[in-house]
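The following briefing accompanies the sequence and the three-dimensional structure. Please read it with both at hand.

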6 protein chains.
Amino acid sequence: MQLLLSTWAEAEAYLKTSKGIILPIGSTEQHGPNGLIGTDALCAEVIARGVGDATGAMVGPTIPVGMAVHHMEFAGSMTLKPSTLIALLRDYVLSLSEHGFQRFFFVNGHGGNIASVRAAFYEIYAENRALRGKDAPDLRCTLVNWWENAEVSRLSKELFGNKEGSHATPSEVSVTQYAFPDSIKTTAMEPETAAAGGFYDARDFRRRHPDGRIGSAPGLARPEHGQRLVEAAVGAISRQYESFLGEA
Amino acid sequence: MQLLLSTWAEAEAYLKTSKGIILPIGSTEQHGPNGLIGTDALCAEVIARGVGDATGAMVGPTIPVGMAVHHMEFAGSMTLKPSTLIALLRDYVLSLSEHGFQRFFFVNGHGGNIASVRAAFYEIYAENRALRGKDAPDLRCTLVNWWENAEVSRLSKELFGNKEGSHATPSEVSVTQYAFPDSIKTTAMEPETAAAGGFYDARDFRRRHPDGRIGSAPGLARPEHGQRLVEAAVGAISRQYESFLGEA
Amino acid sequence: MQLLLSTWAEAEAYLKTSKGIILPIGSTEQHGPNGLIGTDALCAEVIARGVGDATGAMVGPTIPVGMAVHHMEFAGSMTLKPSTLIALLRDYVLSLSEHGFQRFFFVNGHGGNIASVRAAFYEIYAENRALRGKDAPDLRCTLVNWWENAEVSRLSKELFGNKEGSHATPSEVSVTQYAFPDSIKTTAMEPETAAAGGFYDARDFRRRHPDGRIGSAPGLARPEHGQRLVEAAVGAISRQYESFLGEA
Amino acid sequence: MQLLLSTWAEAEAYLKTSKGIILPIGSTEQHGPNGLIGTDALCAEVIARGVGDATGAMVGPTIPVGMAVHHMEFAGSMTLKPSTLIALLRDYVLSLSEHGFQRFFFVNGHGGNIASVRAAFYEIYAENRALRGKDAPDLRCTLVNWWENAEVSRLSKELFGNKEGSHATPSEVSVTQYAFPDSIKTTAMEPETAAAGGFYDARDFRRRHPDGRIGSAPGLARPEHGQRLVEAAVGAISRQYESFLGEA
Amino acid sequence: MQLLLSTWAEAEAYLKTSKGIILPIGSTEQHGPNGLIGTDALCAEVIARGVGDATGAMVGPTIPVGMAVHHMEFAGSMTLKPSTLIALLRDYVLSLSEHGFQRFFFVNGHGGNIASVRAAFYEIYAENRALRGKDAPDLRCTLVNWWENAEVSRLSKELFGNKEGSHATPSEVSVTQYAFPDSIKTTAMEPETAAAGGFYDARDFRRRHPDGRIGSAPGLARPEHGQRLVEAAVGAISRQYESFLGEA
Amino acid sequence: MQLLLSTWAEAEAYLKTSKGIILPIGSTEQHGPNGLIGTDALCAEVIARGVGDATGAMVGPTIPVGMAVHHMEFAGSMTLKPSTLIALLRDYVLSLSEHGFQRFFFVNGHGGNIASVRAAFYEIYAENRALRGKDAPDLRCTLVNWWENAEVSRLSKELFGNKEGSHATPSEVSVTQYAFPDSIKTTAMEPETAAAGGFYDARDFRRRHPDGRIGSAPGLARPEHGQRLVEAAVGAISRQYESFLGEA
Ligand code: NI
Ligand code: NI
Ligand code: NI
Ligand code: NI
Ligand code: NI
Ligand code: NI
């Protein structure tokens with residue numbers, strides 16, 4: 001059930017059955033030679049909607065632009081400053097909480113968001129407590145990265161072995177190839193598998209990772225792999241969502 | 001050309017041909033008994049992408065949640081505070097400007113965004129000037145509301161006459177029915193045409209407009225009207241975009 | 001009744017009779033060759049006080065510096081960033097609301113303020129709701145531009161025809177000549193009527209409008225015209241204020 | 001020379017002769033039984049303008065609302081939060097510095113502003129340095145309280161002895177009586193001289209100082225005393241201003 | 001070498017030999033029945049200073065209060081909101097970078113800080129880039145948790161096995177017992193090993209973990225264990241610091 | 001009693017006996033040729049702890065970095081912007097107030113902090129009032145500078161006469177020599193007593209005061225003088241603290 005495709009009366013009815021909502025969050029940033037700039041947003045969205053379908057959960061609008069300061073030396077990358085992203089998440093959660101939502105389950109597509117999102121959770125708890133005092137509702141926020149679960153890890157390893165890497169991975173590129181078959185890019189890459197390694201700021205990232213990939217061989221991406229990855233992710237994350245709702 | 005569906009190399013190539021980008025902005029808020037909560041975001045997105053197709057312009061990610069403080073008494077509505085929306089827009093434009101984008105054309109789906117977006121333009125100009133001094137690029141931002149042009153006005157009037165109203169209008173509902181035919185809602189409404197009139201804050205809005213509509217009869221919405229409205233809007237706004245780019 | 005010229009006991013007594021207050025807001029920015037930098041603040045103040053006299057309303061202090069980022073290439077112009085102006089307005093309204101004021105009627109002298117002020121209204125409604133919960137008072141804010149009413153429009157047209165323009169207008173210069181007869185400037189202008197047209201940021205403004213005027217012939221300003229304009233504005237806006245207070 | 005009553009060309013010409021500007025800052029807050037709510041703004045303004053006349057300095061717009069959190073239990077008092085006042089002052093000074101102003105001389109009417117204004121000076125210095133780097137202009141800000149100089153102190157002592165007190169003083173009330181003779185209030189006060197003493201927040205202030213005065217007998221105020229006080233203040237502060245401009 | 005115990009000339013001399021600085025960050029929050037409220041700050045400080053002694057690195061002042069929103073239901077706990085902590089870290093790093101420091105190595109004592117600190121790194125990179133443009137120095141920030149290295153993990157396991165837990169651990173209590181032998185607390189605990197498990201906000205934390213411990217048996221803490229843990233941590237983290245400085 | 005060395009149960013017990021807390025605040029900034037960069041933080045801490053011992057008061061963690069924008073031209077100096085320091089203080093006081101602390105007694109080591117700290121008090125009062133409404137606790141904040149009392153003034157004068165100066169004073173250097181005897185620096189200074197005088201921003205400070213001292217002869221500092229100064233300060237400030245707690 002998508003919030004954007006519901007009426008307010010449907011949202012009101014939903015809230016009589018559940019206090020949970022799934023919020024996809026991605027990023028708009030370079031993803032190497034053949035990866036889409038929207039990869040992280042698109043992956044988070046397709047998987048979150050799958051989870052919504054599987055569990056009956058309400059799925060909110062996707063946050064398309066996240067924290068990608070370190071990608072800013074590649075054309076087309078967009079970023080919120082961490083402080084802006086925190087403010088946005090605070091407004092999202094606190095406005096939804098006015099209607100009775102209390103369980104906020106973020107499906108994340110971008111590692112760079114994690115710190116800001118987790119920081120935001122405590123900004124939210126602090127505001128909820130400060131503004132609403134003793135009557136504050138018990139808000140609970142959690143974040144899952146779509147690739148961090150046994151099913152997806154196993155499948156990525158099976159499909160791509162040690163060529164998965166950590167940015168512009170064949171897994172995430174496969175997911176977008178599956179979901180957006182008209183936007184499959186075929187780009188020669190040299191070397192096939194990019195060098196791995198960390199980075200600091202945007203200039204440092206580009207110096208170390210000149211075509212944007214980190215440790216990955218996204219030339220191996222295939223739409224049919226993407227389909228399997230989506231199914232694995234939806235299965236695993238659906239169980240995580242049910243478990244989140246069921247916590248005492 | 002969608003930024004989310006491009007690679008960074010494609011974005012870089014685009015920037016050699018144009019400094020313009022289209023940014024759809026909507027809202028996630030109640031739209032009366034049969035209107036989707038995502039109406040404003042969905043309308044802005046479908047029309048902005050149409051303009052992108054017609055003009056070859058780059059279209060960035062849709063801002064799905066806008067300034068909807070006044071809708072907060074209806075379940076499912078989300079809002080950014082104006083100050084948060086301004087911070088978001090500043091980050092969007094300034095990060096895109098690092099790559100060379102200089103002409104920012106917002107296609108807006110929600111009247112409630114107008115003030116914050118226009119305020120943001122000057123926040124952006126001020127920051128650009130303060131941060132970059134004499135070398136600041138010449139940034140230009142503009143906003144068009146998709147319904148505010150002769151073509152759409154004429155067609156809305158032809159289709160719905162004085163039953164168009166100003167919120168949850170049959171025009172915007174038609175657009176979403178056309179774009180999302182699986183999400184057409186059939187809801188009885190009483191009276192057919194809601195009372196018109198202004199409002200102040202969220203409680204006041206609900207008191208005056210108890211089912212969320214303002215002056216409109218969205219029961220008249222039809223997908224085929226939506227198609228015509230989209231075509232009219234795309235045509236008119238494409239000309240506005242070309243004119244914006246062509247300004248001295 | 002001016003707040004600055006009242007005692008707190010008088011303010012307390014006033015609040016037993018009315019919850020309304022008029023707040024003039026202007027700008028400190030270039031107004032062309034013969035216009036005063038304070039034009040917008042001075043016009044708003046003189047008219048707001050006139051409305052206060054005519055209606056018995058409390059008139060608060062004038063906000064002298066507004067949002068004038070686009071005038072910053074002309075010496076002496078001052079500006080608040082939109083985010084600062086929003087913070088200021090929030091503090092003004094929320095502090096007045098602690099005493100029981102609930103109807104905030106801004107008399108505006110500067111088009112550049114409109115977006116930020118309207119954005120601020122929703123920042124205020126959001127804060128009022130967040131901080132005060134169910135017990136939040138019903139605050140209502142509105143803004144009128146002194147020149148946007150039938151009486152003033154008619155008179156400007158009668159006096160200046162199509163030489164009124166949109167910045168540094170003969171109307172606003174006339175008002176300051178009437179109110180500050182010792183500060184009438186006589187400056188040759190070439191051409192008599194400046195070119196019309198829009199603008200983006202400050203550099204763009206100066207490039208297009210090199211002496212600061214937009215489409216206007218302020219050499220036509222006369223103090224006696226100013227007197228008539230003030231009277232027209234006070235009449236029209238007094239009725240708007242009464243109507244605002246009388247709304248259900 | 002008042003900025004509000006000058007044209008931009010006059011401001012430009014002034015800047016060829018001086019980099020200094022005087023900025024009056026007051027407050028809008030209760031001033032006891034017979035003191036005007038605008039006392040601090042009105043005193044700062046009349047004295048600052050006198051200094052401007054005496055020295056030929058440019059005088060900017062008066063900041064009418066300052067930091068008066070502790071007065072908020074008295075009707076009609078307005079306040080900026082310290083953080084808002086700092087933001088406002090930053091915008092004032094940095095926007096004026098774009099034109100070449102470098103010496104900012106605040107004439108203050110309200111003790112409660114001092115901390116926030118002095119804090120703002122360092123916010124400004126920090127921003128100037130951060131934004132403009134090696135090319136940052138040498139900005140200098142200073143604040144004088146109109147009553148803190150030998151001339152005014154001596155005269156206040158001569159006129160009111162130990163009945164001057166520290167808030168709603170006969171000196172400041174006299175100044176407003178002189179400047180606004182139509183707004184002289186005659187209110188019985190009991191006791192003639194209020195109790196002295198400190199305070200913490202607004203509730204504590206009202207508990208300790210129930211009619212708003214602190215240690216003062218403003219019933220002794222007379223317009224003719226106000227005239228002498230203004231003259232003394234203008235003389236003393238004019239010398240302070242000249243000395244400020246003349247500093248190496 | 002401690003910054004607080006150096007002169008500015010010594011700091012200037014140091015900067016000719018190294019661009020690195022170690023910044024301890026802790027928290028002021030409940031640590032169970034026998035743990036000190038300052039545990040995280042004290043552990044970070046003693047270990048960071050040990051690393052400074054071992055490597056010759058400059059050690060800056062300890063940040064004593066971190067992000068501890070979730071501990072606020074226990075007396076004496078203090079917290080910064082994440083947004084405040086981010087602002088503080090931005091000011092710390094950017095002010096040190098003015099002198100030439102470029103490698104910022106945070107030694108952290110509190111898991112709750114991690115998200116905010118990592119978010120802050122990108123806020124810093126973004127500001128550095130925005131403010132300083134092409135001339136921005138290459139800043140690098142990293143964070144190590146003192147307990148997350150092979151040496152400390154092995155020793156904790158050897159000493160406490162599965163009674164280490166995750167908050168108010170015997171390891172961290174041992175470190176403070178070693179460093180502050182006059183402040184060893186002997187408090188009966190029931191049960192010896194607290195229940196493990198996660199938490200959301202402060203009320204939820206207290207409900208699940210009523211005496212403040214999570215999964216730990218801090219009654220096992222001993223000062224002699226603390227000494228060994230400090231030595232292990234200093235050794236491991238010294239190598240991490242050298243490695244950080246040596247990175248290409 | 002130090003908060004960092006207490007358990008939460010001890011903090012809870014303390015709150016049954018007192019609502020007061022002492023918070024030392026210093027700075028990390030140059031202190032001339034032989035003064036430690038941590039002078040202000042170290043002095044505030046040692047004296048605040050002495051007051052805690054003498055009065056039984058709870059002493060919170062020292063704020064090591066304050067507002068030192070004007071020292072930024074000397075290596076090793078750190079600063080918070082005033083707005084950041086205000087946010088930090090707001091979080092400190094409001095989080096402690098959640099446990100029942102109501103009397104906040106800041107022992108300050110740095111003149112540059114005074115304005116920001118006093119501004120922060122009103123930010124805190126405003127937030128307390130806004131967030132908590134009628135039920136807001138009566139918070140009281142005060143600041144004492146350790147050197148501003150008759151005992152310390154008399155002793156400084158006796159020890160150093162007119163060579164005390166106003167920054168990098170022999171008194172404060174003596175206190176750190178007493179408290180940190182291993183960090184006594186012997187540096188030749190020329191002239192023995194630095195020139196006195198004010199300053200504006202950081203560049204101006206360095207231009208006027210090239211070795212960092214203002215009007216002082218810190219070569220006269222001796223640890224034994226430091227001991228006497230600490231004793232004098234502890235005695236005087238303990239009485240100020242008792243008096244603060246005892247206020248009606
Ligand atoms: Ni990705
Ligand atoms: Ni709509
Ligand atoms: Ni105007
Ligand atoms: Ni006063
Ligand atoms: Ni800990
Ligand atoms: Ni000092």
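Among contacts in chain A between residues at least 6 apart in sequence, 77% join residues at least 24 apart, a contact being heavy atoms within 4.5 Å. This is a predicted model, in which local features need pLDDT of at least 70, side-chain atom pairs count only at pLDDT 80 or more, and totals for chains, interfaces and linings use all residues. Residues are numbered from 1 along each chain as its sequence is written, chains are lettered from A and ligands numbered from 1 in the order in which they are written, and side-chain values use heavy atoms, with hydrogens and water left out.

**Chain A: fold and dimensions**

- Chain A contains eight helices and four strands, these being DSSP runs numbered from the N terminus (helices H or I, at least four residues; strands E, at least two).
- Along the sequence, the pattern of chain A reads α-β-α-β-α-β-α-β-α-α-α-α.
- The radius of gyration of chain A is 18 Å, close to the 18 Å that the globule rule gives for 248 residues, so chain A is as compact as a globular protein of that length; the radius is taken over C-alpha atoms, and the rule is 2.2 Å times the number of residues to the power 0.38.
- Taken along the principal axes, the C-alpha atoms of chain A fill a box of roughly 60 × 35 × 30 Å.
- Of the 248 residues in chain A, 66% are buried (under 20% relative accessible area, with a 1.4 Å probe and protein chains only).

**Sheet of chain C**

- Four strands of chain C form an open sheet in the order E2-E1-E3-E4, with parallel pairing; two strands pair if DSSP finds at least two bridges between them.
- Strand E2 (58–59) and strand E4 (140–145) of chain C stand at the edges with a single partner strand each, so one side of each is left without a neighbour in the sheet.
- Strand E3 (residues 103–108) of chain C is joined to E4(C) by six bridges, and the two run parallel.
- Arg103(C) stands opposite Arg140(C) in E4(C).

- His31(C) and Asp40(C) are both buried.

Conventions. Buried < 20%, exposed > 50% of the residue type's maximum accessible area, 1.4 Å probe, protein only.
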